[in-house]
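Have the viewer open and follow along.

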Amino acid sequence: MCGYGNPLLICVCSNFTARVGKTSLIMSLVSEEFPEEVPPRAEEITIPADVTPERVPTHIVDYSVDSHNDGSIIRCQITAIIFDCKNFSQLTFRLPLILVGNKSDLVEYSSMETILPIMNQYTEIETCVECSAKNLKNISELFYYAQKAVLHPTGPLYCPEEKEMKPACIKALTRIFRISDQDNDGTLNDAELNFFQRICFNTPLAPQALEDVKNVVRKNLSDGVADNGLTLKGFLFLHTLFIQRGRHETTWTVLRRFGYDDDLELTPEYLFPLLKIPPDCTTELNHHAYLFLQSIFDKHDLDRDCALSPDELKDLFKIFPYMPWGPDVNSTVCTNERGWITYQGFLSQWTLTTYLDVQRCLEYLGYLGYSILTEQESQASAITVTRDKKIDLQKKQTQRNVFRCNLIGLKGSGKSGVLQALLGRNLMRQKHIRPEHKSYYAINTVYVYGQEKYLLLHNVCESDFLCDSEIMCDAVCLVYDVSNPKSFEYCARIFKQHFMDSRIPCLVIAAKSDLHEVRQEYSISPAEFCKKHKMPPPQAFSCNTVDAPSKDIFVKLTTMAMYPYSENDQTDRWKKPRHVTQADLKSSTFWLRASFGATVFAVLGFAMYRALLKQR
């Protein structure tokens, strides 16, 4: 792709050996006078960007068939085929090109009437122009059209035979329209049109100019304007009009502003901006990104029920080339009683994607037009790269908002129940999740000391040996089934193999505590094991409840992840790691401080969001 600022190579040639004046054209352009003596071939010349209409540095090559070793014809981005106005019957061509009729000073008639049918027959021909090197007629125009043919080609946009835009162009402009329709009412109102005009062309339209544009559409298209706003049909009609009138640069300016290349594909530079992530750092969405995502949610929550129905979610993702979320998302984040993703669930899924696969998140934000609507350089501005975890440990505080906890235990130990309990689902609700729609992740907000944090649970598949990605996390939850005598042994073995000497805090969960507890077939009891390894005592848990399961263990896990060492620990944290102690977890004041903030902020958060909804 030859973008603005990149050098443009124009090859001037002819398809037969007769002297047609191509060298004279080049020399006349440079000297602004007709050369009396013309060499067999002109040297390659460079025209600086600041003297060209399109502000692009341009190299012009006088191509000669005698120069067998010259690769310029292959490297060039546009070919100008020169013919003699007195003899144009031998024209044959295959490459994208412009036709230039030279020596027009030697004839008293125009060759255009004969050339135009040829131009219409071959779509490779961008334009044709008559000129004279001797009279300096249309010399500058020739090379201007050559630049324009490269920077603003007709081929990808328009089909002359059908007199309509090509499907790929319609698809791209449709996405642009939907992004620009910020209130999702199916039209571009004056404010949206002005915003569109400003971000694409750096200047707003005067009120009268806006009316003039809409009047042109009204005269030609009955449904091009609705409620005084430009419809999608009207938007597409305007661009068709621009192209038909030779104003391709208008459409190309819009397409490139929204990230498209010459093949009408979103460029890798647009979708995947550079983002450096050092080791031991994580990726999170920042405040501006959450505000943007809130606006996207509001835009598509048409019935204002604080959830996205399947149709609303499908409408949101219409501007994506594929459906990014599968049915497993509904078992990964919070949903309402109908199984629709809630506002909190929507933000949680984006938080999860950012944490696990930030490149995918950048791609998704690119499809949504984040950098355009927020007027940022790229969607990388939506991402916060957290500092190295070692620094957090040294400073005894963290700036992170997302904490990952891995659930480890035998299959059937109750890990899935813990996972779904984070989303407020009891055993009855969990039974409605289809096996093929189950997720190995769950994410939701948890309040610790009045601060809202995201807890991300990962159900690690049972294995005799864990890989690095299954070990690296902020906290570990060792889950065993109190009714299965062989369940705890696996947790103890994995703890000794991977976590006994690590700095990762661990919590043992005695799952299915509503069932009869049996003695575990291990050398010591779970309680003794925890005491021996200076861990909190096993936490009884059950999701077989009438209401939503208790969230106490999630507050504890998040707190352990945020403060992996006891406040009373005076030892060197780098030499002798120590987990949050039993005394801490038994202390009523310790958990009172954490849970009180959770209750207060959960109530306030809900009330504030309902107030915001009323203002929408």
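## Salt bridges across the chain

A salt bridge here is a side-chain nitrogen of Lys or Arg within 4 Å of a carboxyl oxygen of Asp or Glu. This is a predicted model, so local features need pLDDT of at least 70 and side-chain atom pairs count only at pLDDT 80 or more, while totals for chains, interfaces and linings use all residues. Residues are numbered from 1 along each chain as its sequence is written, and side-chain values use heavy atoms, with hydrogens and water left out.

By that rule, the count is 16 salt bridges. One of them pairs Glu-375 with Arg-198, at 2.7 Å from N to O. These two come from distant parts of the chain, 177 residues apart: Glu-375 sits in the loop between helix H15 (370–373) and strand E15 (383–385), and Arg-198 is in helix H6 (residues 190–201). Helices (H or I, at least four residues) and strands (E, at least two) are DSSP runs, numbered from the N terminus.

How accessible are the two partners? Glu-375 is partly exposed at 43% relative accessibility, and Arg-198 is partly exposed at 33%. For these labels, buried means under 20% relative accessible area, exposed over 50%, and partly exposed in between (1.4 Å probe, protein chains only).

## Other charged pairs

Arg-360 bridges to Glu-363, with the closest N and O atoms 3.7 Å apart. Both belong to helix H14 (residues 358–368), three residues apart, or about one turn of the helix. Arg-360 is partly exposed at 34%, whereas Glu-363 is buried at 8%.

Asp-392 and Arg-400 make another salt bridge, their closest N and O atoms being 3.7 Å apart. Here Asp-392 is buried at 7%, and Arg-400 is buried at 4%. There's also a salt-bridge network linking Asp-190, Glu-211 and Lys-214.

## Helix H8

H8 covers residues 232–244, so 13 residues, and spans 18 Å from first C-alpha to last, close to the 18 Å expected (1.5 Å times one less than its number of residues). Its buried residues include Phe-235, Leu-236, Phe-237 and His-239. Just past the helix, Gly-246 takes a positive phi of about 80 degrees.

## Cysteines

Cys-461 is partly exposed at 43%.

Cys-491 is buried at 1%. Its sulfur lies 8.9 Å from the closest cysteine sulfur, in Cys-477, which is too far for a bond.

Technical notes. A disulfide is a pair of cysteine sulfur atoms within 2.5 Å.
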